Amino acid sequence: MRNGVRLLTAADVAVLPAQLPSGPVRYELHDGRLVVLPPSTAARGRAQALFIGHLFAHAERSGRMYGRVDVILRRDPDHVLAPDLAHLTAAQLPPKTSPEDYLTTAPALVVEVRERYDAQAGIDAKVRDYLAAGVVLVWVADPDARTVTAYRANQPPLTFTAADTLTADPVIPGFAVPVAALLPA
């Protein structure tokens, strides 16, 4: 309890139901406070699949790729985010995990696919949290705008449009794909 508010832990979230009468449900934990994530849209699911498809071969040669995976960024209170994709480099393997099988090793690359309802302040907070935890590269993909914004610690963000080619050096050496292939019209 902090200030009269019961804070949850990663262990608490691990035992919450994945299915409610209204359908599937996903969670994040923001400094001990439970956040119920809304269902993913078709646009998000498509973008996630395309990122996985294009990244997988390169990513697996230089480390390990994960689809939606819970990552514990800090403890006490627990802060657990669920990026759409995560990549650990070979140097980060084997990854450290919690008893709940959540990653405790900060991925080198995180991909978040923006939903129409995502507020910019929430996206910015997640990016700050990832970078503060040691993530090297954060990509925020916006299927509606057909852009990918790349964030690195202590550098201004770079936005790539459908006409640009996205790279992941040095996290995934040699990876390059047109943004239009990841976020088609």
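This is a predicted model: local features need pLDDT of at least 70, side-chain atom pairs count only at pLDDT 80 or more; totals for chains, interfaces and linings use all residues.

The points below go from the aromatic cluster and the cores to the loops, the cavity and the pocket.

1. **First aromatic pair.** Searching the whole structure gives two aromatic pairs. One of them joins Phe51 and Trp139. Phe51 belongs to helix α2 (residues 42-61), while Trp139 belongs to strand β10 (residues 137-142). The pair therefore ties together parts that are 88 residues apart in sequence. Phe51 has a relative accessibility of 0% and counts as buried. Trp139 is also buried, with a relative accessible area of 0%.

2. Which ring does Trp139 pair with here? The partner is Phe175, at 6.1 Å centre to centre. The angle between the planes is 35°, and this pair is tilted. Phe175 sits in the loop between β13 (165-167) and β14 (176-178), whereas Trp139 is in strand β10, so the link spans parts 36 residues apart in sequence. Both Trp139 and Phe175 are buried. Taken together, the ring pairs make a cluster of Phe51, Trp139 and Phe175.

3. **Largest nonpolar core.** The largest nonpolar core holds 25 residues. Phe51 and Trp139 have the most contacts inside it. Two or more residues each come from α2, β9 (109-113), β10, β11 (147-151) and α4 (179-182). Helix α2 gives the most, with four residues. In soluble globular proteins, nonpolar side chains tend to be buried together.

4. **Surroundings of Phe51.** What does Phe51 touch, leaving aside residues up to four places away in sequence? The contacts are Leu85, Val111, Trp139, Ala141, Val148, Leu166, Leu182 and Leu183. Anyone checking the packing could start from this list.

5. Another core, of 18 residues, lies apart from the largest one. Its members include Val71, Val127, Val140 and Tyr151.

6. **Thr105.** Thr105 is placed in the loop between β8 (85-89) and β9. Is Thr105 buried or exposed? It is buried, because its relative accessibility of 14% is under the 20% cut-off. A polar atom of the Thr105 side chain lies 2.7 Å from the backbone nitrogen of Lys96. Beyond residues up to four places away in sequence, Thr105 touches Val71, Leu88, Gln92, Pro95 and Lys96.

7. **Cis peptide bonds.** The bond joining Leu93 and Pro94 is cis, with omega about -5°. Pro94 is in the loop between β8 and β9. The peptide bond from Asp169 to Pro170 is also cis, with omega near -5°. Pro170 is in the loop between β13 and β14.

8. **Positive phi.** Asp101 is not a glycine, yet its phi is positive, about 70°. Asp101 lies in the loop between β8 and β9. With a relative accessible area of 57%, Asp101 is exposed. Arg146, again not a glycine, has a positive phi of about 55°. Arg146 lies in the loop between β10 and β11. Its relative accessible area is 23%, so Arg146 is partly exposed.

9. **Cavity.** How many cavities of 30 Å³ or more are there? The count is one. The largest cavity has about 50 Å³ of space. Its lining is made of Thr41, Ala43, Arg44, Arg114, Glu115, Arg116, Pro143 and Asp144.

10. **Pocket.** The largest pocket holds about 340 Å³ of space. It is lined by 20 residues. Glu28, His30, Leu37, Asp118 and Lys126 lie nearest the pocket centre. At least two lining residues each come from β3 (26-30), β4 (33-37), β7 (79-81) and α3 (120-132). Helix α3 supplies the largest share, five residues.

Conventions: Residues are numbered from 1 along each chain as its sequence is written. Side-chain values use heavy atoms; hydrogens and water are left out. Rings of Phe, Tyr and Trp (its six-membered ring) pair if their centres lie within 6.5 Å; planes under 30 degrees apart count as stacked, over 60 as edge-to-face and the rest as tilted. Buried means under 20% relative accessible area, exposed over 50%, partly exposed in between (1.4 Å probe, protein chains only). A nonpolar core is a set of buried Ala, Val, Leu, Ile, Met, Phe, Trp, Tyr and Cys residues joined through side-chain atoms within 4.5 Å. Contact means heavy atoms within 4.5 Å. A polar contact is a pair of N or O atoms within 3.5 Å; within protein, one must be able to donate a hydrogen and the other to accept it, and residues adjacent in sequence count only if both atoms are side-chain atoms. On a 1 Å grid over the protein atoms alone, a cavity is a set of points where a 1.4 Å probe fits but cannot get out, and a pocket is an open set with protein on both sides within 12 Å along at least five of seven lines; lining residues have an atom within 4 Å of a point. Grid points are joined across faces, edges and corners, and a volume is the space filled by probe spheres set on the points.
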